[in-house]
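Biologist: Could we go through this model together, one question at a time? Please give me the cut-offs as we meet them.

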Amino acid sequence: MLDTGTEPQSTQAAEAAGNTAGDGAAAPERGRRHVHLAHVRFADLDPLNHVNNVRMLTYLEDARIAFLRWDAPGGDGDGDGPLGAMVVARHEVDYVAPLLLRRDPVRVETRVTEVRGASFRLAYEILDDERVYLRAESVIVGYDLERQRSRRLTPAELEYLEGYRDPA
């Protein structure tokens, strides 16, 4: 089994431990990871029967959207989570092992590694209990849709992100 520290091994285990985004009843516990389950589909495969590298980024996108919007405390499923508009400024990806077609989903674990005034850094792992398939980082920037430029993060956004930031 892969040692991910104190993080839960599934969404259900995480909810039972109070470590994923839910109804927002409890204050976030610093250093927790957001866990998103991704199902490998036949259409995700390349000619070598590995999940295509671009599809792996789609798994990260799905997890990021769940973390930033849909699963977030205060979110109601219509995209109104605790965070305003955001854009991806940078991705860095390491493909660690080939991911093959499988019945069981893989976990996409997301955590915050850095929070700044107008941006933050997310770290991801796509993994199961046996191995890590991908490690990645993204820089996410607060974005003002009306002015079409970056913006400062709000105090509420900073508070939410701190709940997922790696302990120093």
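Biologist: Where does Gln 148 lie?

Modeller: This is a predicted model, in which local features need pLDDT of at least 70 and side-chain atom pairs count only at pLDDT 80 or more, while totals for chains, interfaces and linings use all residues. Residues are numbered from 1 along each chain as its sequence is written, and side-chain values use heavy atoms, with hydrogens and water left out. Helices (H or I, at least four residues) and strands (E, at least two) are DSSP runs numbered from the N terminus. On that basis, Gln 148 lies in the loop between E5 and strand E6 (149–150).

Biologist: Is Gln 148 buried or exposed?

Modeller: Buried means under 20% relative accessible area, exposed over 50%, and partly exposed in between (1.4 Å probe, protein chains only). Phi of Gln 148 is near 55 degrees, a positive value in a residue other than glycine. With a relative accessible area of 52%, Gln 148 counts as exposed.

Biologist: What is the relative accessible area of Asn 49?

Modeller: Asn 49 also has a positive phi, about 65 degrees, although it is not a glycine. It lies in the loop between E1 and H2. Asn 49 is partly exposed because its relative accessible area is 46%.

Biologist: Which backbone nitrogen does the side chain of Asp 46 reach?

Modeller: Asp 46 is in the loop between E1 and H2, and its C-alpha is 9.8 Å from that of Leu 100, 54 residues apart in sequence. A polar contact is a pair of N or O atoms within 3.5 Å; within protein, one must be able to donate a hydrogen and the other to accept it, and residues adjacent in sequence count only if both atoms are side-chain atoms. At 2.9 Å, the side chain of Asp 46 reaches the backbone nitrogen of Leu 48.

Biologist: With which side chain does Glu 109 make a polar contact?

Modeller: Glu 109 lies in strand E3, and its relative accessibility is 0%, so it counts as buried. E3 is largely enclosed by the rest of the structure, because seven of its ten residues are buried. At 2.8 Å, the side chain of Glu 109 contacts that of Arg 33.

Biologist: How many bridges join E3 to E4?

Modeller: Two strands pair if DSSP finds at least two bridges between them. E3 runs antiparallel to strand E1 (residues 34–38), with five bridges between them, and His 34 has Thr 110 of E3 as its bridge partner. Towards E4, a hairpin of three residues makes the link, and Glu 114 is partnered there by Arg 121. E3 and E4 are antiparallel too, and the bridges between them number eight.

Biologist: Why are the buried residues of H3 on the same side?

Modeller: In helix H3 (residues 155–162), Glu 157, Tyr 160 and Leu 161 are buried.

Biologist: What angle between the planes do Phe 67 and Tyr 164 form?

Modeller: Rings of Phe, Tyr and Trp (its six-membered ring) pair if their centres lie within 6.5 Å; planes under 30 degrees apart count as stacked, over 60 as edge-to-face and the rest as tilted. This rule gives three aromatic pairs. Phe 67 and Tyr 164 form one that is edge-to-face, at 4.8 Å centre to centre, with the planes at 90 degrees.

Biologist: Which residues form one aromatic cluster?

Modeller: Phe 67 is in helix H2 and Tyr 164 in the segment after H3, 97 residues apart, so their pair links distant parts of the chain. Tyr 164 also forms a tilted pair with Tyr 160, at 5.4 Å centre to centre and 55 degrees between the planes. Both Tyr 160 and Tyr 164 are buried. One aromatic cluster is formed by Phe 67, Tyr 160 and Tyr 164.
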